[in-house]
Structure formats: C-alpha cells, structure tokens
Amino acid sequence: MCSEDPLTVGEVVRRTGVPVSALHFYERQGLIFAGRNSANQRRYPRHMLRRISLIIVAKRLGVPLSDVAAVFATLPTDRAPEHDDWRRVSLIWKRQLEERRRAIETLERELTGCIGCGCLSMRACLLLNPDDTLCHQGPGPVRLQNGASVGRPARRRPCQEQGDPPG
Ligand code: FES
C-alpha cells in the first residue's frame with residue numbers, strides 16, 4: 001500500500017475513533033469528502049484525517065457544526081490544513097469561546113439578580129424577558145394587534161420604564 005492511497009471507511013474509523021454514521025453525516029454536511037472506488041465504496045483522501053481531527057476539536061470546544069462548516073469553507077479541499085490554517089481557525093474559535101464566556105457571565109449576573117426574587121415579571125426580569133423592544137409599542141399582545149404572524153418573538157431590549165422612547 002502506498003502512503004498516498006486513500007483510506008477505507010474502516011481505516012478512517014480506526015484512525016480517528018469517529019463512528020461510520022458520524023463520518024457519513026459529516027460528509028452529508030459537506031465537512032469531509034470521499035471518492036468512490038470501482039465497487040462504489042467510499043475512499044477518503046488521507047488529508048481528510050486532519051479535517052476530522054478539527055471536527056473532533058470543535059466538538060470539544062462546543063463549536064456548532066454550522067460554524068465549523070463556515071470555517072471549513074475557507075480551507076483548502078485538496079490538502080490537509082497546515083499550520084497557518086490551524087492558527088487562523090483556532091483564533092476564530094477562541095474568539096467564539098470568549099463571546100460565549102461573556103454571554104454566560106451576563107446570564108450569571110442576571111440569574112444572581114433573580115435569586116430570592118421569584119417575580120418572573122415580564123417587565124423586571126431580564127432572564128424572562130431579555131431585550132424587550134415590543135414594550136415600546138404599548139401593552140397587550142402587540143404582535144397580534146398589529147396583524148403580525150405568530151412565531152418566535154424577535155430579540156428585545158430592556159424596557160425599564162413605561163415611558164422609555166423607542167430606540
Ligand atoms: S425573578 Fe424577579 S427579576 Fe428575575
């Protein structure tokens with residue numbers, strides 16, 4: 001066997017520890033690619049091992065597959081990601097981790113304000129009603145009154161006072 005020979009799915013599973021079903025899923029998501037041999041069996045280019053390793057790392061970091069796909073779209077498909085590629089990707093994911101940490105810290109502060117409260121007020125509780133903007137359009141079911149379709153509410157901004165100007 002030549003060191004450049006493509007890998008069978010079994011070899012990829014053995015080398016990465018990723019189950020076949022996950023490999024097929026990643027392939028359907030466009031994260032990895034496989035060719036086919038004359039018997040129509042998948043054959044993975046060896047540099048897919050590096051991509052799969054990146055997916056494993058991303059999963060450990062909690063990076064959603066959609067974000068992995070966005071980053072992978074910037075990587076070469078004909079060779080393994082190299083040092084500079086990994087540096088760029090790891091910086092992107094580090095920034096995302098920092099954003100998540102800040103969001104968690106904000107939630108933690110808001111939750112701390114709720115401890116011992118229990119009001120669950122649409123007006124006062126930042127956890128129940130974060131970023132309230134509809135409050136500026138008056139009381140009641142504003143979306144229904146305006147004929148908007150019922151669905152997931154839009155992001156809202158805090159409404160601390162009834163008379164706050166919209167903005
Ligand atoms: S429960 Fe009262 S502010 Fe959140």
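Mentor: Start at Arg-42. Its relative accessible area is 22%, so it counts as partly exposed. The cut-off for buried is under 20%, and Arg-42 therefore falls on the partly exposed side of that line. Keep in mind that this is a predicted model.

What does Arg-42 meet in a salt bridge? The partner is Glu-27, with 2.7 Å from N to O. Now place the two ends. Arg-42 sits in strand S2, residues 42–43, while Glu-27 belongs to helix H2, residues 20–28. The pair therefore ties together parts that lie 15 residues apart in sequence.

Now widen the view. Over the whole structure, the search finds six salt bridges.

Move to helix H5, residues 83–114. Arg-88 and Asp-85 both lie there, three residues apart, or about one turn of the helix. Their side chains meet in a salt bridge at 3.8 Å, N to O. Look at the surroundings of each end. Arg-88 has a relative accessible area of 32%, so it is partly exposed. Asp-85 has 11%, so it is buried.

Glu-105 forms a salt bridge with Arg-101, and their closest N and O atoms are 3.3 Å apart. Both ends are partly exposed: Arg-101 at 43% relative accessibility, Glu-105 at 32%. The two are four residues apart in H5, so about one helical turn separates them. There is also a network of salt bridges that share partners: Arg-79, Glu-82, Asp-85 and Arg-88 are joined into one. Asp-85 and Arg-88 are the H5 pair from above.

Next, the aromatic rings. The count comes to two aromatic pairs. One of them is Trp-86 with Trp-93, an edge-to-face arrangement with 6.4 Å between centres and 75 degrees between planes. Over 60 degrees counts as edge-to-face, so 75 degrees qualifies. Trp-86, at 36% relative accessibility, is partly exposed. Trp-93, at 1%, is buried.

Leave aside neighbours within four places in sequence, and Val-68 contacts Leu-31, Ile-55, Ala-58, Val-63 and Trp-93. Val-68 belongs to the largest nonpolar core, which has 22 residues. Together with Ile-32 and Phe-72, Val-68 is among those with the most contacts inside this core. Which elements give two or more residues to it? They are H2, helix H3 (48–61), helix H4 (65–72) and H5. H3 gives the most, with six residues. As a general matter, nonpolar side chains in soluble globular proteins tend to be buried together.

Last, the cysteines. The structure holds zero disulfides. Cys-117 is partly exposed at 46% relative accessibility. Cys-119 is partly exposed too, at 42%.

Begin at the Arg-42 and Glu-27 salt bridge. Follow H5 past Arg-88 and Asp-85 to Arg-101 and Glu-105. Then come back to Trp-93, and step across to Val-68 by their contact.

Key. Residues are numbered from 1 along each chain as its sequence is written. This is a predicted model: local features need pLDDT of at least 70, side-chain atom pairs count only at pLDDT 80 or more; totals for chains, interfaces and linings use all residues. Side-chain values use heavy atoms; hydrogens and water are left out. Rings of Phe, Tyr and Trp (its six-membered ring) pair if their centres lie within 6.5 Å; planes under 30 degrees apart count as stacked, over 60 as edge-to-face and the rest as tilted. Buried means under 20% relative accessible area, exposed over 50%, partly exposed in between (1.4 Å probe, protein chains only). A salt bridge is a side-chain nitrogen of Lys or Arg within 4 Å of a carboxyl oxygen of Asp or Glu. A disulfide is a pair of cysteine sulfur atoms within 2.5 Å. A nonpolar core is a set of buried Ala, Val, Leu, Ile, Met, Phe, Trp, Tyr and Cys residues joined through side-chain atoms within 4.5 Å. Contact means heavy atoms within 4.5 Å.
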